[in-house]
Amino acid sequence: MPGDNTAARRYGDWIQIAVLTLLIGALFHFLGLRQYSAYVKQSAWVWIYEQWMTSDGDFTHGWMMPLISLYVVWTKRKTIAAAPKSTHVAGLCIVIGALLLHIAAYRVQQTRVSLVAMSILVWGGILFVYGWTTAKAFLFPVGYLILAFASSYLVTITFKLRLFACMLSSALLNGIGIETVRQ
């Protein structure tokens with residue numbers, strides 16, 4: 001019966017996704033962060049959770065970003081299910097590159113880079129196993145997931161831009177007669 005074959009294939013896809021998710025999750029739990037003190041856990045998941053839950057408030061929203069990525073995937077579930085499935089060799093190259101990036105980040109204790117590598121690994125795995133059409137549907141959710149892990153780098157990169165915006169705003173306000181002082 002054709003319906004049974006489709007249901008079995010769908011069930012097999014979910015088992016494959018679950019196994020891959022568990023393997024990636026275990027990799028980043030047990031080899032996510034080099035232990036350099038008795039107080040630091042090896043898990044990248046524990047580390048990023050602690051980064052998100054710090055009281056400074058800069059990235060306390062970070063825990064919501066993976067949930068939003070999952071929601072976007074959920075809204076695209078019919079498109080993803082209907083997409084033709086085929087393997088794509090470029091995905092294997094991306095997976096290997098992401099694993100090498102993770103190893104390098106692990107060695108130099110850059111957990112954020114390691115978690116970015118995890119996001120790239122997920123997308124490369126989707127490309128390799130399911131093909132370009134399915135991977136294309138995951139571009140935005142995975143890209144957004146990368147921001148959940150690497151958003152602190154944006155603060156560093158955009159610092160001079162923020163200073164410029166502050167200087168420009170102050171000059172414009174003073175120019176139209178509203179006295180401002182930059183701090």
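Which helix holds Gly124? Gly124 sits in helix H6, residues 111-130, where helices are DSSP runs of H or I with at least four residues, numbered from the N terminus. The model is predicted, so local features need pLDDT of at least 70 and side-chain atom pairs pLDDT 80 or more, while totals for chains, interfaces and linings use all residues. Residues are numbered from 1 along each chain as its sequence is written, and side-chain values use heavy atoms, without hydrogens and water.

Gly124 is buried, with a relative accessible area of 0% (buried means under 20%, with a 1.4 Å probe and protein chains only). Leaving out residues up to four places away in sequence, Gly124 touches Gly91, Ile94 and Val95 (contact: heavy atoms within 4.5 Å).

A nonpolar core is a set of buried Ala, Val, Leu, Ile, Met, Phe, Trp, Tyr and Cys residues joined through side-chain atoms within 4.5 Å.

| Core | Residues | Members include |
|---|---|---|
| Largest | 15 residues | Phe28, Ile48, Leu115, Leu121 and Phe149 |
| Second, separate | nine residues | Ile80, Leu127, Ala137 and Phe138 |

Phe149, among the residues with the most contacts inside the largest core, touches Ile48, Trp52, Arg112, Leu115, Met118 and Ser119, not counting residues up to four places away in sequence.

The lining of the largest pocket has 43 residues, and Ile17, Thr21, Val122, Ile126 and Phe138 lie nearest its centre. A pocket is an open set of points on a 1 Å grid over the protein atoms alone, where a 1.4 Å probe fits, with protein on both sides within 12 Å along at least five of seven lines; lining residues have an atom within 4 Å of a point. H1 gives the most to this lining, 12 residues.

Notes: Helix = DSSP H or I, 4+ residues; strand = E, 2+ residues; numbered from the N terminus. Buried < 20%, exposed > 50% of the residue type's maximum accessible area, 1.4 Å probe, protein only.
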